[in-house]
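This note sets out points on the packing and the pockets of one structure for a colleague new to it. Please read the points alongside the sequence and the model.

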Amino acid sequence: MQFELVSFFIITALFLALIGIYHEATYPHNFVSLWFFHPIGYFLYSNRYLLIFVKKPIGISIILLMIIIGWMLFFTIPWQSAAENEILGISILNCCVVLHGIPFDIN
């Protein structure tokens with residue numbers, strides 16, 4: 001299972017690299033942007049480290065709170081361009097990756 005997740009992550013990294021190649025507001029940029037953000041989200045939530053967070057209420061609460069705050073920021077802030085939306089999404093994904101490394105020991 002882990003090899004499939006790694007290959008899935010490598011494909012999303014390819015799409016992330018292609019986001020910077022194509023200009024904003026073009027069809028190829030929109031396509032690779034969409035196909036970066038959706039699979040990377042699926043990767044993070046299907047990763048085996050998520051099982052640690054499911055057993056730890058603090059960890060899953062923090063991740064759910066981050067998702068809710070991220071969507072609230074996305075809909076309430078008047079963004080000037082799609083690149084700013086992408087920066088917000090990548091920042092939230094980076095925070096999720098950092099949180100995957102924290103054990104959240106309750107004891």
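1. Leaving aside neighbours within four places in sequence, Phe-15 is in contact (heavy atoms within 4.5 Å) with Phe-31, Val-32, Trp-35 and Phe-36. The model is predicted, with local features needing pLDDT of at least 70, side-chain atom pairs counting only at pLDDT 80 or more, and totals for chains, interfaces and linings using all residues. Residues are numbered from 1 along each chain as its sequence is written, and side-chain values use heavy atoms, with hydrogens and water left out.

2. Phe-15, Val-32 and Phe-36 are also among the 12 residues of the largest nonpolar core, a set of buried Ala, Val, Leu, Ile, Met, Phe, Trp, Tyr and Cys residues joined through side-chain atoms within 4.5 Å; buried means under 20% relative accessible area (1.4 Å probe, protein chains only). Helix 2 (27-46) is one of the helices that each supply at least two residues of this core, and its five residues are the largest share. Helices are DSSP runs (H or I, at least four residues), numbered from the N terminus.

3. Which residues lie nearest the centre of the largest pocket? They are Phe-37, His-38, Trp-71, Gly-89 and Leu-93, out of 21 lining residues. A pocket is an open set of points on a 1 Å grid over the protein atoms alone, where a 1.4 Å probe fits, with protein on both sides within 12 Å along at least five of seven lines; lining residues have an atom within 4 Å of a point.

4. Helix 2 gives the most to this lining, with nine residues.

Note on methods: Buried means under 20% relative accessible area, exposed over 50%, partly exposed in between (1.4 Å probe, protein chains only).
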